[in-house]
Number of protein chains: 2
Amino acid sequence: MTKSALQIERAHYVPKMPTALRGAVKAVDGEYTESVANQEEIKKLFPNTYGMPVVTFEKSNEKKAMPPINVGVILSGGQAPGGHNVIAGLFDGLKSGNKDSRLYGFILGPGGLIEHKYMELTAGIIDEYRNTGGFDMIGSGRTKLEQKEQFDKGLEILKKLNIKALVIIGGDDSNTNACVLAEYYKSIGAGVQVIGCPKTIDGDLKNEQVETSFGFDTACKVYSEVIGNIQRDCNSARKYWHFIKLMGRSASHIALECALQTHPNVCIISEEVEAKNQTLDDIVNQIATVVLKRSEAGNNFGTVLIPEGLVEFIPAMKRLIAELNDFLAKHETEFKMIKKSEQRSYIIAKLTKENSELYASLPEGVARQLTLERDPHGNVQVSLIETEKLLAEMVGNRLAEWKAEGKYTGKFATQMHFFGYEGRCAAPSNYDADYCYSLGYAAACLIHAGKTGYMSSVRNTTAPADKWIAGGIPVTMMMNMERRHGEMKPVIQKALVKLEGAPFKAYAARREEWALSTDYVYPGPIQYFGPSSVCDEPTKTLQLEQQK
Amino acid sequence: MTKSALQIERAHYVPKMPTALRGAVKAVDGEYTESVANQEEIKKLFPNTYGMPVVTFEKSNEKKAMPPINVGVILSGGQAPGGHNVIAGLFDGLKSGNKDSRLYGFILGPGGLIEHKYMELTAGIIDEYRNTGGFDMIGSGRTKLEQKEQFDKGLEILKKLNIKALVIIGGDDSNTNACVLAEYYKSIGAGVQVIGCPKTIDGDLKNEQVETSFGFDTACKVYSEVIGNIQRDCNSARKYWHFIKLMGRSASHIALECALQTHPNVCIISEEVEAKNQTLDDIVNQIATVVLKRSEAGNNFGTVLIPEGLVEFIPAMKRLIAELNDFLAKHETEFKMIKKSEQRSYIIAKLTKENSELYASLPEGVARQLTLERDPHGNVQVSLIETEKLLAEMVGNRLAEWKAEGKYTGKFATQMHFFGYEGRCAAPSNYDADYCYSLGYAAACLIHAGKTGYMSSVRNTTAPADKWIAGGIPVTMMMNMERRHGEMKPVIQKALVKLEGAPFKAYAARREEWALSTDYVYPGPIQYFGPSSVCDEPTKTLQLEQQK
């Protein structure tokens with residue numbers, strides 16, 4: 001492995017930690033808990049792990065010798081900056097309990113547990129990956145741990161390796177599944193604890209107990225760096241409108257955070273679109289109006305941030321997609337007989353009025369994507385829709401209409417961008433490096449305390465790290481019942497952008513001004529060595545949420 | 001202007017400078033010069049500015065008081081990191097000569113000179129922009145200063161503002177034009193000196209006298225940061241081939257430098273494609289072979305770097321485009337009558353055999369781009385061709401053939417990226433901040449020394465900055481005659497990647513290994529405050545070129 005100069009220097013970084021985790025640690029049980037909703041159902045589903053107390057770690061005066069323990073760790077789902085530091089923190093935490101404890105990594109995600117693919121994570125390996133991005137130490141995967149057969153198959157290898165605790169690093173679904181696994185192992189007396197860690201760059205795993213999920217800080221900073229660079233170019237060349245799509249299928253936290261960091265001219269927030277029942281036409285008008293107003297001031301340039309999942313939040317688009325899925329499933333053979341050049345008019349003729357009109361208004365490329373590129377279940381693949389091109393083209397068409405009417409006389413040229421993979425594996429910012437290391441270390445402490453069905457928790461993270469509060473939250477506490485694929489399931493509620501929350505309100509209060517004034521901010525690249533004001537600032541979202 | 005934490009801290013950075021420029025400066029004339037080729041013709045075209053000596057600055061013991069002078073500055077062409085520092089260095093250099101000297105910036109490029117749009121650049125303005133990216137202090141533009149009328153029009157405002165020297169910051173063409181302007185003003189006794197500064201992120205303005213053009217260092221580091229992040233993701237998820245197109249129309253320096261920084265599995269170098277007379281099919285086979293070999297080792301993932309200008313370097317594609325331009329110009333009306341769905345077969349039937357076969361082999365989208373999206377002169381707009389998609393699709397098709405033949409059994413899923421605007425306006429790296437400041441300061445010294453028709457020069461930049469050599473190079477020295485738009489013109493030779501040069505050889509020596517071994521390097525973001533090994537390293541290209 002050839003290392004860059006930065007990697008070599010950054011390897012020496014020692015993550016900052018809460019005072020409570022430095023030295024001997026005492027687990028203090030708090031009050032017993034209830035789930036956020038559907039208490040009766042969730043209690044029934046989790047008889048062994050429901051209602052446990054919140055755990056807080058405190059500094060202890062007596063260092064207890066721990067028996068050695070073998071622990072397994074799994075990375076689940078999409079990459080997020082800081083995953084390696086969770087593992088490093090877990091490793092150091094286990095070793096501080098007993099230097100003979102061992103850590104095993106399951107390879108390529110939950111699948112590694114089921115297929116018995118693993119490696120021992122020795123000090124040499126851990127040291128190679130401290131403060132690095134990516135999940136390449138052991139790889140990740142998207143297999144869902146949901147079925148009894150998987151749990152039993154996993155238990156075989158856990159027993160073989162004498163593993164007594166499993167740490168699952170993942171998003172909301174992975175943590176839900178970790179809890180189901182904890183419950184199952186407890187119910188059969190398997191003697192394996194299960195601990196979760198909150199990960200997702202999307203930022204949608206957060207609630208009263210979990211301030212933020214790791215990776216969000218770094219990813220947003222990388223996206224804001226390149227958005228800032230594009231804005232500086234935009235403001236220098238003064239001739240393009242840049243349409244920038246940002247990762248985030250189900251929530252717009254990333255787009256919102258990047259907007260707070262960079263002050264673009266427009267930022268669409270999916271949750272607002274849905275709440276206000278906005279149409280595609282409304283959004284196009286909204287952007288075109290900003291373009292028009294800026295052009296009147298001689299500014300034929302600007303930036304628009306678009307969350308990846310937007311299309312699924314537009315109620316009318318959702319209805320169109322639903323009817324299309326339904327119609328094409330029923331008329332597959334007939335549709336396939338239609339000539340390519342006539343498919344569009346065929347669809348327009350067949351849909352109900354509202355959907356037909358919306359479909360007819362879409363640019364050809366997107367209309368084609370909606371009918372042609374379908375997943376194995378016959379559904380439209382919304383993630384393939386190039387929303388940034390869709391909006392740029394439709395705004396262009398609207399402006400052309402306004403030009404014909406004499407309302408608009410500006411120039412409109414566009415550039416399109418999509419940022420996702422650029423940020424998911426960046427080396428973690430100080431915040432994520434510290435936060436992740438502490439999460440991992442706290443997971444080790446939860447294991448030492450004999451806990452299962454808990455999520456590792458580090459709070460008060462807008463304060464200096466020594467004031468952070470580390471502990472564990474019973475996963476059932478965050479659960480409610482939701483309909484998933486047709487049946488009611490216990491899940492951790494996904495955290496969408498709250499329109500009454502401080503981050504959105506901060507954006508809403510200034511967006512009119514940002515639209516017209518060109519108040520671009522250029523955050524620049526993540527810094528690891530400079531003054532604390534530059535290196536250690538948490539996200540604007542977190543700062544605003546904690547400001548009380 | 002809202003400033004980020006990094007901007008606020010970075011504003012205090014004091015660029016490192018060559019010893020010779022600190023304090024009193026003496027201009028020492030070297031030997032008289034000749035142009036690199038076509039000496040007679042160039043001498044005839046530049047009777048007043050031909051053959052001047054190379055100038056080197058040395059530390060002087062006596063501080064000479066300079067008379068105050070008014071100077072103008074222009075940013076020409078595409079943005080490049082460090083432009084503001086050239087202006088800051090120029091400002092400080094002028095003020096060190098006489099605090100009553102004044103600097104005027106012409107707005108939005110050479111057009112500002114012709115249209116008499118300008119602003120005075122006071123200390124307050126300069127300080128706002130020190131060490132920042134972008135050209136937004138005065139803006140840039142692409143108007144070419146080529147005609148006598150433009151020169152005369154410009155002279156009006158120069159006289160009105162009592163400007164005695166003009167600094168033009170631009171690429172090869174802008175510097176050529178700066179020299180033509182210098183020659184003209186000298187020939188008519190206008191009393192206005194003209195000095196050029198070498199800028200282009202593409203890295204294609206370099207030669208024996210100019211080590212590098214500014215912006216290349218920063219832009220390549222930004223691209224390498226995101227390529228590295230993508231590679232870490234690629235190596236963690238282990239399921240995608242990422243096709244990454246990089247800015248650089250006429251030369252592949254950026255792709256080559258990024259390859260040296262990140263070790264991708266494949267990097268295409270346009271100059272090699274042309275030299276070896278490779279076809280699109282050759283390139284597709286070359287990439288597909290790497291995909292095949294990696295899949296045999298279980299690695300169904302990888303990265304491919306593609307220079308933006310590739311298509312124009314493939315001899316067969318160049319011939320196809322030429323015939324298409326020619327054919328469509330002659331048969332425009334006829335072609336417009338053809339139904340969209342039949343255009344492709346119409347074109348295939350009409351082209352000569354070789355071109356027809358190549359056209360037929362192209363994916364539909366690209367074939368359509370070649371016939372439909374034409375510039376106002378009726379020519380194919382090569383820059384709009386999505387080369388990364390073209391190659392990804394054709395490689396996919398090739399692998400499907402091989403799969404049918406039983407040669408290939410892997411999986412091939414792709415992600416596409418294009419990086420250009422992300423790097424052009426990044427805040428300059430230490431290298432570019434220092435280099436640009438010195439270039440600007442040296443330009444002021446050339447003005448104080450009464451020079452015209454010179455390009456500001458700073459050399460030996462792989463050594464510590466105090467050992468850098470500052471001076472001026474007569475622009476005519478870098479010129480030769482080339483055919484441009486049908487007529488022979490004096491121009492600065494564009495520096496393409498040399499296949500016998502050290503950077504390409506370093507890449508060629510290791511590419512087989514990088515193709516199969518997954519030796520990705522993760523350079524991480526540009527650092528401004530850390531150890532010198534991280535913050536001050538010049539590009540690999542420059543290091544290899546200077547290593548003798």
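The model is predicted, so local features need pLDDT of at least 70 and side-chain atom pairs count only at pLDDT 80 or more, while totals for chains, interfaces and linings use all residues. Residues are numbered from 1 along each chain as its sequence is written, chains are lettered from A and ligands numbered from 1 in the order in which they are written, and side-chain values use heavy atoms, with hydrogens and water left out.

Next, colour the charged pairs, of which six salt bridges are counted between chain B and chain A (a side-chain nitrogen of Lys or Arg within 4 Å of a carboxyl oxygen of Asp or Glu). Select B:Arg232 and A:Asp136, whose closest N and O atoms are 3.0 Å apart in a salt bridge.

Then move to A:Glu386 and B:Lys389, a salt bridge at 3.5 Å from N to O. A:Glu386 lies in the loop between helix H16 (364-372) and helix H17 (387-404) of chain A, and B:Lys389 in helix H18 (residues 387-404) of chain B, so the pair joins two chains; helices here are DSSP runs of H or I with at least four residues, and strands are runs of E with at least two, numbered from the N terminus. A:Glu386 is partly exposed at 25% relative accessibility, as is B:Lys389 at 26% (buried is under 20% relative accessible area, exposed over 50%, partly exposed in between, with a 1.4 Å probe and protein chains only).

Now select A:Gly78, in the loop between strand S3 (70-75) and helix H3 (83-97) of chain A, where an unreviewed UniProt entry places the feature "binding site"; such annotations may be inferred rather than shown by experiment. A:Gly78 is buried at 14% relative accessibility, and its contacts, not counting residues up to four places away in sequence, are A:Phe135, A:Arg142, A:Lys199 and A:Arg424.

Finish at B:Thr541, in helix H23 (residues 540-546) of chain B, which is buried with a relative accessible area of 3%.

How values were computed. Contact means heavy atoms within 4.5 Å.
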